[in-house]
Every structure is written in C-alpha cells, then in structure tokens.
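I opened this notebook page to record what I looked up on helix packing and aromatic rings. The entries follow in the order of the searches.

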Amino acid sequence: MNFVLFNLFFLFSETVVPVENSIDNIPEFVLFLGRFHPLILHLPIGGLLLVFYFDVIGRIRKKHTDTLVKTGLGFSAIFACLACILGYFLSLEGGYEVQTTNIHMWTGIGTSGLIILLYILKKQERYKKLFFFLFVTSIILIGITGHYGSVLTHGDSFITQYSPLRVKKEKPQVIDSLRYFSDVVHPILDAKCIQCHNATKQKGELSLISEATILEGGENGRALQSGKALNSRIIKRILLPLEDEKHMPPEGKNQITSDEIWLLKHWIDNGADFNKKALAYHKNDTLTGLLQNYLKKDTKITSEASVNALNDVIEVGFLVNRIVADQPYLRVKYVKDSITEDAVTELKEIADQLVELDLNNTLLTDDMTKGLRHLKKIKKLRLDNTKISDATIKYLEDLEDLEVLNIYNTSVGNKGIASLIEKINLTDIYVWNTKVDESFTKELMRSNQTIIHNGVFEGFTEIMPLKPPKLITEQTIFSDSLIVAFDEQIFKATIRYTLDGTDPDSTSVKYTKPIKIADFTKLKAKMYKENWLPSPVLERDFFKIKHEVKNFDIVHRPSERYPGAGKIFDFIEGSLLFSDGKWTGYEGENLITTINFDEPRSIENVSISCLQDSGSWILFPKMIEVYVRNENTSFKKISTSNYNVTNAKEAIEIKKKHFTLNVPKTDAKYIKVVVHNLKKLPSWHQGAGKASWLFVDEILIW
C-alpha cells in the first residue's frame with residue numbers, strides 16, 4: 001500500500017505543471033508511457049465495479065467476503081493511481097481543452113483517493129456504514145471522470161449523438177436544397193474528423209466544428225486553401241499513406257471514403273464557400289450522384305410506374321427520366337412547343353412516382369393547371385416563364401411535399417405567395433421578375449423558414465442554367481461541304497464550340513459566324529452568359545458521305561408500326577421522338593442488311609444511328625458487326641463493336657447515338673451490316689423478359 005500512497009503523493013505534487021507545456025521539452029519516453037493511459041484506465045474501473053458487486057451481494061446474503069473486497073480494492077487503487085500518472089503524461093502532448101482536462105484529471109485523482117480510503121476503511125468495522133456511502137460515491141465519481149474522458153477524446157456530443165431525445169436536423173428531400181458545407185461537408189467532418197478536432201480536443205490546435213475555427217486553422221497554419229484542394233493541409237493529411245503518423249483520420253479510426261474525398265476536394269476547388277448550395281457550381285454526373293446520399297430517404301415503398309402510364313405521358317409531350325437508376329422516382333419535363341390542360345392532367349397517372357416537374361417556357365396558363373393538385377409527391381416544381389398567376393397557386397396548396405418552387409417571370413403576386421407559404425413548408429421559392437414585392441418577401445421571411453429569392457444573385461441561377469445552343473442547320477449528312485449556323489437567341493450570351501470531340505469550356509473558340517465543315521466532324525458547343533450557369537453541352541456529328549446506297553437486301557423487315565427499310569439509307573435523320581416517321585423499328589429482331597455496289601468501293605468507316613428510349617422499351621444494340629466480300633469470295637468479318645446495353649444508369653436517358661466502326665481500308669462490292677437487338681428487356685426494366693425494340697434511322701458508309 002506504500003506504493004499506492006507514493007503514487008498519490010506524486011500526482012498531487014505534479015499536477016501543478018501546466019497542461020499546455022511545450023511538447024518539445026518533454027522526454028519522448030514520458031510521452032510513450034502516456035499512450036498507455038487508455039489501456040490501464042479500464043483495469044481500476046472494471047475492478048472497482050466487480051468489488052462493488054461482491055460487496056452488495058455479501059451484504060444481501062450476509063456472507064461477508066472481506067478478503068475478496070480488500071484484495072479487489074487494493075488492485076483497483078494501484079491501477080487507478082497508475083492510470084492517473086499515465087493520464088497526466090498523455091495530457092502533456094497538448095491538443096486538449098484545458099478546463100475539461102483539469103476536470104477529468106481532478107475527478108480521476110479524487111476517485112483514486114476514494115479507492116485508497118475505502119481500502120483503509122475496510123479494515124475498520126466501525127466505519128461499515130460510511131464505507132458503503134463512500135463506495136457508492138466512488139462509483140458516481142468514476143462515472144463523472146469517464147464522461148469527461150469521453151468528452152476529451154470524442155467531443156462533447158459523443159454520448160448524445162444518437163440519443164432518441166436529441167433534436168435531429170432534417171435532411172433536405174431535394175438535391176437543389178442541399179447546402180454544400182452544412183448538409184454535405186460538415187457531416188463528413190463530423191463523422192470522421194471532429195472526434196479529434198473539436199472544442200475540447202484539438203489535435204494540432206485545430207478545430208473543425210465551425211466556419212470560424214476551420215478558417216482559423218491550427219498550429220501548422222490554415223487547414224484549407226480556397227480553390228486549391230491539393231495544397232490544403234486537410235486534404236494532404238487525408239491522402240497520406242494509412243501507416244503515416246500524420247494521416248487523417250489515424251489508423252484504426254473510421255476512414256474517409258473515396259466519394260467523401262471527392263466531395264471535399266470539389267468543395268475546396270470551387271471556393272470552399274460556407275453558404276452556397278451544392279448545385280451553385282456547374283453540375284456534373286459525379287456530383288449529382290454523390291449528393292443523393294445526403295438527401296432524406298423516403299421510407300415508404302413506392303411501386304414502379306406502369307409502362308402504359310409512362311407511354312401515355314411521353315405521347316402527350318413529356319420527357320421522362322429516372323432520378324436514380326434503381327428507384328421508381330421520376331424527373332419529368334415538357335418538351336413540345338405548346339402545352340394543353342389534358343397534358344397536365346395526364347401526369348396524374350404517374351403521381352406516385354413524380355418528384356420533379358419542369359413546365360418552364362411552355363405557355364402554361366391558369367386554365368391548364370388544375371391537374372397539378374394531384375401530384376402529392378412532387379418536391380421540385382418549375383413554372384417559370386409561363387403565363388400563370390395567383391389562380392394557379394391555389395392548386396399547389398395541398399402539395400405538402402413540395403420544397404422548391406420556381407415562378408420566375410410569371411404574374412404571381414403577394415397574395416398568392418403568402419397563401420402558399422401559410423399552407424406548406426417550402427424551403428426555397430424563386431420570385432424574381434414577378435408581381436411579388438421585395439419588401440413583402442422580407443416581411444414574410446421574418447415569420448417563416450422559407451427562403452424567398454428575389455434576384456438572380458440570390459441563387460436564382462442555381463436552378464436556372466442556360467439552355468444548350470440551338471442549331472439552325474438541321475442537316476447532318478453531306479457529300480461535299482456544309483455550312484453550320486447557330487441560332488443566337490439569347491441576348492448577350494456567348495457560344496463556345498469545339499470541332500475535335502472535346503468538351504468546350506469558357507476558353508474555347510467563340511462562335512461569331514457560320515462554320516464550314518468539309519469532313520467528318522464532331523461538333524460540341526455550350527452557351528455562356530454572365531451570372532448564369534453554363535448550358536449543357538450540345539453534341540452533333542456531321543458525316544461526309546462518299547457512297548450513296550441504292551441497292552440493298554434486308555433479312556427482317558421492320559415492324560408494320562414503324563415501316564420503311566429504305567429510311568436507313570435516305571440521309572434523313574430522326575429526332576428524339578421515335579414516332580416522328582423517320583425511324584425504322586424492329587421488335588425482338590436483328591437488323592441484317594447487305595449493300596450491293598455496282599463495283600468495288602473503298603470504305604474506311606461504317607456508322608449506324610440508333611435511338612434509346614427505355615421508357616418506350618427501345619434500347620441501343622448490344623453488338624454491331626460489319627462483313628465484306630467481292631465477286632467469287634465469301635463474307636469476311638472486318639469490324640465488331642460491343643455495347644453494354646444492360647447498364648441501367650446509362651439506359652434511363654432518351655438519346656441518339658452514332659455507332660461508328662473504323663474498319664481497315666478495304667475495297668468491297670458487298671457490305672453486310674448486322675445490328676444485334678438485345679431481344680429481351682433486362683431484369684432492371686419494368687418490362688423485364690419481354691421483347692425489346694431496336695430503332696435505326698441511318699446506316700452511313702464512307
């Protein structure tokens with residue numbers, strides 16, 4: 001017991017040393033011993049609780065186990081003192097909040113002192129009642145000590161983080177509502193970094209709990225450099241090898257995933273803004289996909305929309321896409337020139353799946369919008385650039401899930417907005433260029449949580465990117481040369497383009513006059529305008545054709561619903577609408593055609609233009625083969641192209657694609673092209689197992 005008393009004396013004499021002593025002045029062996037504190041501290045805790053159990057059982061059964069209790073208390077006292085000493089050594093490393101550290105240290109010392117006192121009192125029978133009272137006190141004190149220890153190592157919210165009583169912040173339900181820092185970046189830091197970098201534990205004097213502390217940095221300077229992720233210390237530490245002692249988080253802790261690293265880097269590279277929304281930056285597929293993980297998940301099971309319902313909606317002019325490939329939720333946009341009341345009413349058939357609806361620039365009027373009241377699951381609604389007024393707003397008042405509403409450039413006024421906000425909890429509403437007064441919106445926001453955006457600089461462009469450039473030139477196939485011109489329909493907008501297949505950016509060639517094309521060309525263009533997001537990329541292939549096909553044989557005739565085998569050689573391309581009369585359709589069959597030239601022709605490329613519209617059961621071909629032969633020879637395969645047509649994520653978008661096969665320069669009189677239909681729809685499709693459609697509008701030889 002003399003050893004225990006010596007340790008206790010050591011503690012009381014040494015604790016006057018400041019916790020924030022410079023680590024450079026402390027022997028490494030002392031720091032090494034301090035790392036054993038977490039290992040040793042569990043011994044006195046376990047020992048004390050076990051001895052308390054035996055003491056209580058002995059009192060109940062009136063079979064006293066004095067020897068066992070004395071021995072247990074001696075064991076607990078020795079290791080309690082040792083844990084205090086090692087804990088003090090560990091505190092010398094720094095990085096811990098001083099006040100919390102002192103509370104943890106003194107309650108630990110108090111617990112050790114109580115255990116020693118219990119050991120002494122156990123020998124005195126007359127202190128039996130006092131002994132039990134002090135024993136209970138020591139159990140309470142060790143709990144307090146442990147609590148402050150957890151605060152030091154894991155942060156002050158460690159215990160309450162998953163408490164059912166804790167008020168939890170609701171996740172947004174639509175991607176446009178996500179704030180990049182508070183809804184995405186901070187949860188990553190909170191889960192992986194803040195245990196070691198919080199108000200009470202600050203490794204490297206760095207706290208990551210708020211904007212102010214992150215910008216303040218730590219003992220090594222700033223944690224991040226805006227616009228330069230790879231130069232930021234926080235990213236550098238994350239990317240270090242796991243075994244490196246400076247790697248964050250330390251080995252053994254929950255590590256940051258590659259997706260989380262991508263988001264952190266993207267946030268920093270785009271300015272590390274603490275207030276902007278995630279989609280204030282240029283959208284891309286990676287960002288949009290990763291942000292889905294930070295949205296509130298719908299726990300209700302929603303069934304797939306029926307194929308008939310989807311076809312009906314598409315037929316009246318809507319473009320339908322899944323938001324996530326393996327989920328039933330839909331994003332719908334009207335794409336025809338003018339809309340009707342019947343078209344809006346048709347959406348009722350997919351009301352359970354429809355969560356994002358875009359009716360902007362559709363000449364929509366109040367008389368056409370009654371059908372909107374059926375869309376109970378809608379979360380994001382665009383009615384901007386239409387002819388609606390307050391009369392339409394009344395149809396939205398029961399849409400309880402609606403979060404984001406854009407009514408830019410409409411006739412909606414103060415009365416309509418006030419009525420809507422009173423009925424439903426919108427997160428964002430865009431009212432720029434309406435009859436809503438700015439002073440009125442400020443008054444509304446004082447008493448409501450809805451953010452009302454009254455100008456382009458308040459986030460309006462976050463949901464209003466420019467539309468892609470529009471080509472005046474519709475022809476894409478030519479024999480000599482072609483002049484390509486853009487429709488410059490947006491005032492003060494700039495068109496940037498490339499002709500080499502690369503994506504254009506703000507430094508690409510500026511469109512100032514029509515472009516002359518004299519060879520095969522892949523044109524890509526984007527629209528730019530100050531204070532607006534850039535448009536999506538317009539992509540168009542232009543083909544210079546050497547050989548016109550006049551004679552051909554075909555094995556399987558197209559479906560009677562989409563007839564006309566000659567369309568595949570008429571140099572007239574189809575649109576994204578499969579029923580425009582320019583496509584040939586094959587239900588469950590391959591397209592096999594043999595082209596007959598009068599004499600051998602030199603060929604280097606074969607291109608097949610196909611359509612994908614999975615909602616209408618139309619998929620790209622799974623494989624294309626090209627064969628050639630001359631007189632008195634047999635067919636020889638010279639090129640093959642395979643395509644993963646079963647990729648659900650790729651198949652949800654309606655699009656055209658030119659499958660171009662480069663072949664060894666060959667002279668041939670006969671060319672056979674085999675375009676393979678998938679035959680049966682894949683397992684992820686709502687019509688799985690049924691016949692798939694193959695749509696082709698052109699086969700080009702050059």
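In which hand of crossing does H4 pass H5? I found that H4 passes H5 in a left-handed crossing, meaning that the near helix is turned anticlockwise from the far one by less than a right angle, clockwise being right-handed.

I noted the basis of the entries: this is a predicted model, in which local features need pLDDT of at least 70 and side-chain atom pairs count only at pLDDT 80 or more, while totals for chains, interfaces and linings use all residues. Residues are numbered from 1 along each chain as its sequence is written, and side-chain values use heavy atoms, with hydrogens and water left out.

**Helix packing**

I looked up the geometry of helix H4 (residues 42-61) and helix H5 (residues 66-91), which pack at an angle of about 160° with their axes 8 Å apart. Helices are DSSP runs (H or I, at least four residues), as are strands (E, at least two), numbered from the N terminus. Axes are lines fitted to C-alpha atoms, for helices over the stretch in contact, and angles run from 0 to 180 degrees between N-to-C directions. H4 and H5 are therefore roughly antiparallel (over 145 degrees; 65 to 115 is roughly perpendicular, under 35 roughly parallel and the rest oblique). Residues in this contact (heavy atoms within 4.5 Å) include Leu48 and Phe54 of H4 and Leu73 and Phe79 of H5.

I then examined helix H8 (residues 180-192) and helix H11 (residues 258-269), whose packing angle is about 130° and whose axes are 11 Å apart. H8 and H11 are therefore oblique to each other. The crossing of H8 past H11 is left-handed. Among the residues that meet are Phe181 and Ile188 in H8 and Leu263 and Trp267 in H11.

**Aromatic rings**

Tyr88 and Phe89 form a tilted pair, at 6.3 Å centre to centre and 55° between the planes. Both Tyr88 and Phe89 are buried (under 20% relative accessible area; exposed is over 50% and partly exposed in between, with a 1.4 Å probe and protein chains only).

Why is the pair of Tyr408 and Trp432 stacked? The ring centres of Tyr408 and Trp432 are 5.1 Å apart and the planes lie at 15°, so the pair is stacked. Tyr408 is buried at 11% relative accessible area, whereas Trp432 is partly exposed at 29%.

Notes. Rings of Phe, Tyr and Trp (its six-membered ring) pair if their centres lie within 6.5 Å; planes under 30 degrees apart count as stacked, over 60 as edge-to-face and the rest as tilted.
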